[in-house]
Amino acid sequence: MPKTKPQEWLLIFYSVPSNPVSNRMKIWRKLAKAGAVQLKGAVYILPATEEHEEFLQWLLGEVKSMGGDGAFAKSAEIRTVTGGDIRELFLRQAEEGYRGLEKILDALERKIQSFRKGAQGDESGKLADMVGKLGKELDELRKRDFFSSPSGLVMRKRMQTLESGLRKMDKTTVETPKAIKPKRAEEYRGRVWATRKKPFIDRMASAWLIKRFIDPKATFTFIEESESSSPDKKAVTFDMRGATFTHVGELCTFEVLVKAFGIRDKTVKKIAELVHDLDVKDDKYEKPETAGVEEILTGIRKTAKNDADALDRGMAVFEMLYQSKT
């Protein structure tokens with residue numbers, strides 16, 4: 001039988017001047033975010049991967065810029081502890097992280113149950129935001145769960161059940177969607193298109209689609225959701241409650257626009273599947289590139305000067321996606 005390649009480890013050694021304290025905390029937080037475990041004293045450890053090696057090279061460069069020093073070494077054996085002991089350290093760290101999110105998951109499960117029993121109002125939208133936020137935190141934690149802890153597997157199943165319950169709740173609280181009426185692009189040329197502030201996936205993609213296939217001279221403005229029923233009379237609203245173009249049933253706004261304007265471009269169809277998986281999060285199409293695209297758009301959202309800048313940069317990403325898939 002072929003021999004299994006032994007697990008290799010990266011041992012990290014570093015020191016940073018005691019002042020300012022914020023520098024030491026900064027390095028510690030970055031190690032924690034990467035999933036490093038404290039092995040002994042000031043020694044940290046990570047599973048050996050190319051990604052982790054690259055991360056440590058950048059980190060130690062930052063340490064030296066602070067007046068400190070450090071190094072890291074790769075080894076398949078550490079004489080004073082076994083591989084099993086090291087895995088246990090990582091599993092324990094992951095378990096602690098999942099326990100910290102378990103109470104939030106418990107509360108959301110209770111909320112969805114109470115909603116099914118008759119809660120009213122716009123609680124569905126708030127719950128969807130809370131579930132989405134928890135999902136992102138769990139995704140981040142899973143990236144650091146290098147050895148698939150039992151709690152992680154349980155939490156993943158519970159999260160899938162929770163998301164399924166939320167989708168069922170939406171279906172029971174929202175009216176059966178009407179058929180999407182066909183529209184003529186000529187009637188929507190040179191318009192102002194209004195959407196919610198802080199644009200993200202569906203709004204960025206929809207704005208790109210509008211500009212490229214529907215209204216080349218489109219201009220965009222951002223309003224509060226409460227203003228959607230009374231914006232500028234000439235404005236066309238999209239991706240917000242009560243908008244001219246927004247989610248219909250299980251379709252995201254991008255998909256609704258594609259159907260409404262009869263866009264038959266094959267590459268647009270591929271992007272529609274990607275946007276659906278990113279926005280609706282039901283893994284309907286299981287597009288492998290969703291995580292990478294979401295990370296890029298999240299980076300844009302965090303670094304953009306304002307909403308207009310975020311939308312422009314997001315549209316540029318979708319244009320590049322379109323060119324790469326054509």
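Contact means heavy atoms within 4.5 Å. This is a predicted model, in which local features need pLDDT of at least 70, side-chain atom pairs count only at pLDDT 80 or more, and totals for chains, interfaces and linings use all residues. Residues are numbered from 1 along each chain as its sequence is written, and side-chain values use heavy atoms, with hydrogens and water left out.

**View 1. Helices α6 and α8 in contact.** Helices (H or I, at least four residues) and strands (E, at least two) are DSSP runs, numbered from the N terminus. Ile-201, Asp-202, Ala-205, Trp-208, Leu-209 and Phe-213 in α6 meet Val-268, Ile-271, Val-275, Leu-278 and Asp-279 in α8.

**View 2. Tyr-188 and Phe-261 form an aromatic pair.** Rings of Phe, Tyr and Trp (its six-membered ring) pair if their centres lie within 6.5 Å; planes under 30 degrees apart count as stacked, over 60 as edge-to-face and the rest as tilted. The count comes to 16 aromatic pairs. Tyr-188 and Phe-261 are edge-to-face, 5.4 Å centre to centre, with 85° between the planes. The two residues are 73 residues apart. Both Tyr-188 and Phe-261 are buried (under 20% relative accessible area; exposed is over 50%, partly exposed in between; 1.4 Å probe, protein chains only).

**View 3. Phe-220 and Phe-238 form an edge-to-face pair.** Their centres are 6.1 Å apart, with 70° between the planes. Phe-220 is in strand β6 (residues 219–223). Phe-238 has a relative accessible area of 0%. Ring pairs link Tyr-188, Trp-193, Phe-220, Phe-238, Phe-245 and Phe-261 into a cluster.
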